[in-house]
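Good morning, and thank you for making time for this presentation. Please keep the display in view as I speak.

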Amino acid sequence: MHLYIHVPFCARRCSYCDFAIAVRREVPSSAYADAVLREWRGWQTHLAWNASPVVDTIYFGGGTPSRIAPAAIARLVHAIRAERTVAANAEITLEANPDDVSAAAAAEWRAAGINRISLGAQSFDPRVLAWMHRTHTAEQIPSAVRILRSAGFEELSLDLIFALPAALERDWDADLGQALALAPEHLSLYGLTVEPHTLLGRWTARAEVVPLDDEAYARDFLGADRRLRDAGFEHYEVSNASLPGRRARHNSAYWRRAPFIGLGPSAHSAFGDQRQWNVRDWAAYERAVAAGSSTVAGREQLGSDARRLETLYLGLRTIDGVPLNLLRPESVARWCAEDWARVAGDRVSLTPEGWLRLDALAASA
């Protein structure tokens, strides 16, 4: 079993963000931990635990998990350990912003059991960070890395965003170089998407921002693929690359369709073909928990067609691919002829060129 814990609080909403967040100057860390633990305890009799009683990974995502008090993180991890067996080698990840990283916080995170940090760098260009409405400076990124290493963190991932509007004149290759110079074990690279209900969406609708075209997007993506492979990284999933043996175990569980439980507002859970998700808003989530009501906003059970599509889409995201017998032979032949896919034994995996067409290929397979 894998646990995802959504921490919605942020100091500011980024210009591109459409996640379920709550902007707070003062973060209600204690109230948040109370609510999540009440939800957690409600899961203890769920049938999902019968087949998977051991917790293999825990992931604090957001939002900005580093905004809540380290004591609240420790309380949550300790409560999970008290209720369930957590594997001795469990991966326990915390997403953090560079400006939240201090020597004291890093030491408390380590003491709480966090052993992996995903650091939201996004760019090393001050102009880009300002455009994104990030709360940290470029200089705080290497400083945060030094502090985390000094605290004993041996698993560090950096997030970067590519495919920014050409008008920003962002040097993507320079950002990659600065990220690699910090010697992370893992990198997550996300292409900028324009969501309508974001500040970026409004800028775009008013023609104040012109998104990057498909050709330039592909150039950024394929250039990063080459740069990372030259640096000894394994580009093991569309948006993720790691040094050999250092893949993100929690996210890899999603792509294998392993069972996971999501706690907190907007968190999703999946076990077998069952899917459910919590109410999105923090205040509504807190009220539901306090009233002893369900936090679930919706449920679905995947039918055979949806299950096949999910299996294909998630599997084709990774270099491990999917079994050959899940695909039509004519699809495989066409993909290989276009250099969108490769066959190795009884499995098919997409090339980086194929990943650029992932949605269309999975839907037509």
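I begin with Arg 257, whose place is the loop that links helix 10 (249-255) to strand 11 (260-263). What you see is a predicted model, and every value I quote is computed from it. Arg 257 has a phi near 65 degrees, which is positive although the residue is not a glycine. Is Arg 257 buried or exposed, or does it fall in between? With a relative accessible area of 26%, Arg 257 is partly exposed, because buried would require a value under 20% and exposed one over 50%.

A second residue with a positive phi is Ala 163, at about 60 degrees, and again this is not a glycine. Ala 163 belongs to the loop between strand 7 (156-162) and helix 7 (172-181). Its relative accessible area is 4%, so Ala 163 counts as buried.

The peptide bond that joins Gly 62 to Gly 63 is cis, with omega at about 15 degrees. Ser 66 lies in the loop between strand 4 (54-62) and helix 3 (70-83) as well. Ser 66 has a relative accessibility of 7% and therefore counts as buried. Which side chain does the side chain of Ser 66 meet in a polar contact? The partner is the side chain of Asp 100, at 2.7 Å. Beyond residues up to four places away in sequence, Ser 66 touches Glu 95, Ala 96, Asn 97, Asp 100 and Trp 109.

Another serine deserves attention. Ser 15 sits in the loop between strand 2 (9-10) and strand 3 (22-23). Its relative accessible area is 0%, so Ser 15 is buried. The side chain of Ser 15 reaches a backbone atom, the oxygen of Trp 131, at 3.2 Å. If neighbours within four places in sequence are set aside, the contacts of Ser 15 include Trp 131, Met 132 and His 133. Thr 198, Leu 199, Leu 200 and Trp 203 are also among the residues in contact with Ser 15.

I move next to a residue in a strand. Phe 271 is part of strand 12, which covers residues 268-271. At a relative accessible area of 14%, Phe 271 is buried. What does Phe 271 touch, apart from residues up to four places away in sequence? The residues are Trp 43, His 46, Ala 48, Pro 259, Phe 260 and Gln 276. As for distances, the C-alpha atoms of Phe 271 and Gln 301 are separated by 9.9 Å, and the two residues are 30 residues apart along the chain.

Pro 352 counts as buried, at 18% relative accessibility, whereas Glu 353 counts as partly exposed, at 31%. The two values fall in separate classes because the limit for buried is 20%. Leaving aside neighbours within four places in sequence, Pro 352 is in contact with Phe 221, Leu 222 and Asp 225. With such neighbours again left aside, Glu 353 is in contact with Leu 222, Asp 339 and Trp 340. Glu 353 and Asp 34, by contrast, are 319 residues apart along the chain, and their C-alpha atoms are separated by 46 Å.

Finally, the chain as a whole. Its secondary structure comes to 15 helices and 17 strands. A compact globule of 365 residues would have a radius of gyration near 21 Å, and the 21 Å of this protein chain agrees with that. Along the principal axes, the C-alpha atoms fill a box of roughly 55 × 50 × 45 Å. Of the 365 residues, 53% count as buried. Among contacts with a separation of 6 or more, 68% are between residues 24 or more positions apart. The chain exposes about 16,200 Å², of which carbon and sulfur atoms supply 51%. There are 40 positive and 44 negative charges, and their mean positions are 4 Å apart.

How values were computed
Residues are numbered from 1 along each chain as its sequence is written. This is a predicted model: local features need pLDDT of at least 70, side-chain atom pairs count only at pLDDT 80 or more; totals for chains, interfaces and linings use all residues. Side-chain values use heavy atoms; hydrogens and water are left out. Helices (H or I, at least four residues) and strands (E, at least two) are DSSP runs, numbered from the N terminus. The radius of gyration is taken over C-alpha atoms; the globule rule is 2.2 Å times the number of residues to the power 0.38. Buried means under 20% relative accessible area, exposed over 50%, partly exposed in between (1.4 Å probe, protein chains only). Contact means heavy atoms within 4.5 Å. Accessible areas come from the Shrake-Rupley method with a 1.4 Å probe; for residues, only the protein chains shown count as cover. Lys and Arg count as positive and Asp and Glu as negative; His and the chain ends are not counted. The place of a charge is taken as NZ of Lys, CZ of Arg, CG of Asp or CD of Glu. A polar contact is a pair of N or O atoms within 3.5 Å; within protein, one must be able to donate a hydrogen and the other to accept it, and residues adjacent in sequence count only if both atoms are side-chain atoms.
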